[in-house]
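Here is a short report on a predicted model. It covers salt bridges, nonpolar cores and a surface patch.

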Amino acid sequence: MNLLYSDVEEQLRASVRDLLAARAPLSGAVARAESDRPYEPALWTALARELGVAGLAVPESAGGHGGSWREVAVVAEELGRAVAATPFLGSTVLATAAATAVPSARELVGALAAGTSTAVLVVPLSTPPGSAFPGQVSFDGTHATGQVRSAADAAAADLLLVPAAGPAGPVLLSVEAGAARCEPVTSLDLTRPLSNVHLDAAAGSVVAEGDGAVRALEAALLAGAVVLASEQVGLAEHGLDSTVAYLKERYQFGRQIGSFQALKHRCADLWANLAQARAVARYAAACLADGTADGAADAPVAAALAQAYCSPLAVTAAEECIQLHGGIGFTWEHPAHLYLKRAKADSIAFGGAARHHARLGELVGLPA
């Protein structure tokens, strides 16, 4: 399995990075995070439709661009690197992964791939792969009732994909966003809004039921954990790059502070850990993309490994970035705090590192 970036992936990375620099520069990140608009619709439209990131993992026969989760992971790296506020994780990853696991949902998959519709999977962001099917929402055959706490990206959605307990077992429902009430949650991460979703006899239609609904949910959670690892790599990479740049330009006692050996060692340690994190994140994305070979069977193990390693690394990199920037790094005006908050929020998404360590032990047969 080749984990190096292909030419196509590097071209995709450059396109996403250029677009983010033009439409969502880091200099305005704090102001955007403090605004009343959780997302910039024009930015998402440009990413989803102009660059086509919304349909990267969708086959051409279903209206997508015929890429794979490897390309999706590359985009996630750049979005993490720019701490961009978009519904990419909720729609392009979670909702698209759930919909593509349902053969009869081709129309929905096509709309998501084209970027003409934005959907989210309505589960708490902390839900890890391998979880039991949630039962917070009940479905009587036509209407759904219940509440789901801390769902990501629901504020930007046109459509909600809701796991629910139906009359004959698990179902995955499609609910128009206007039929539900999304209550904003005060979140540590200002760049990825969370919402409590309230369904009060909301009209819903069945997308999948029984084992099909369970498989769709698990596919979505697995994809979410894998792609999030790449976002965490991007966060960590920004932390290291911006810190090294600062250490080269800041002088103390007539010397670049980057010339002090203690600071060099801290950056070198971070670089080595980042290289390892990139390897495990790339391996997880490659396993997820390899849907017909041995890689598919390894995907749950690779996802657990990637989350167990990348999650704490992103937090460490953000903390080091603030510490090594000195006083300026602690101010509200500097965007470093946005990275730390995103990294801390990501660290509990899809289960957190401790949960993934335990999951990894279970999957490979190691006793607790």
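R13 has a relative accessible area of 10%, so R13 is buried, given the cut-off of under 20%. Its salt-bridge partner is E10, at 3.2 Å from N to O. E10 is partly exposed, at 36% relative accessibility. Both residues sit in helix 1 (residues 7-23), three residues apart, which means about one helical turn separates them.

Other pairs reach across the sequence. E77 forms a salt bridge with R278. E77 belongs to helix 4 (residues 69-81) and R278 to helix 8 (residues 261-289), so this pair ties together parts that are 201 residues apart in sequence. E77 is buried at 2% relative accessibility. R278 is buried too, with a relative accessible area of 19%.

R342 and D189 also meet in a salt bridge. R342 is in helix 10 (residues 336-346), while D189 is in the loop between strand 6 (181-185) and strand 7 (194-203), so the pair ties together parts that are 153 residues apart in sequence. Both R342 and D189 are buried.

| Salt bridge | N to O distance |
|---|---|
| E10 and R13 | 3.2 Å |
| E77 and R278 | 3.2 Å |
| R342 and D189 | 3.0 Å |

The count of salt bridges comes to 16. Shared partners join E10, R13, R17, E77, E78, R81, E237, D241 and R278 into one network.

UniProt, in an unreviewed entry, places the feature "domain: Acyl-CoA dehydrogenase/oxidase N-terminal" at residues 7-89. This span is 58% helix and 0% strand, and its end C-alpha atoms lie 24 Å apart.

The largest nonpolar core holds 87 residues, of which L47, F88, L121, L172 and F350 touch the most other members. Helix 7 (residues 211-249) gives the most to this core, with 17 residues. Apart from this core lies another, of 19 residues, including V120, V137, A157 and L199.

Beyond four places in sequence, L47 touches V16, L19, L20, G52, V53, L79 and T86.

S230 lies in helix 7. At 1% relative accessibility, S230 is buried. Leaving aside neighbours within four places in sequence, S230 is in contact with A73, A76, E77 and A281. E77 is the residue that forms the salt bridge with R278.

Which residues form a nonpolar patch on the surface? They are L363, V364 and L366, with about 260 Å² of accessible area together. V364 lies in the segment after helix 11 (352-363). V364 is partly exposed, at 45% relative accessibility.

Definitions and conventions:
Residues are numbered from 1 along each chain as its sequence is written. This is a predicted model: local features need pLDDT of at least 70, side-chain atom pairs count only at pLDDT 80 or more; totals for chains, interfaces and linings use all residues. Side-chain values use heavy atoms; hydrogens and water are left out. A nonpolar core is a set of buried Ala, Val, Leu, Ile, Met, Phe, Trp, Tyr and Cys residues joined through side-chain atoms within 4.5 Å. Buried means under 20% relative accessible area, exposed over 50%, partly exposed in between (1.4 Å probe, protein chains only). Helices (H or I, at least four residues) and strands (E, at least two) are DSSP runs, numbered from the N terminus. Contact means heavy atoms within 4.5 Å. Patches are made of residues with over 30% relative accessible area and no salt bridge: like charges are joined within 9 Å, nonpolar side chains (Val, Leu, Ile, Met, Phe, Trp, Tyr) within 5 Å. Accessible areas come from the Shrake-Rupley method with a 1.4 Å probe; for residues, only the protein chains shown count as cover. A salt bridge is a side-chain nitrogen of Lys or Arg within 4 Å of a carboxyl oxygen of Asp or Glu. UniProt positions are given in the numbering used here, feature names are shortened, and annotations may be inferred rather than shown by experiment.
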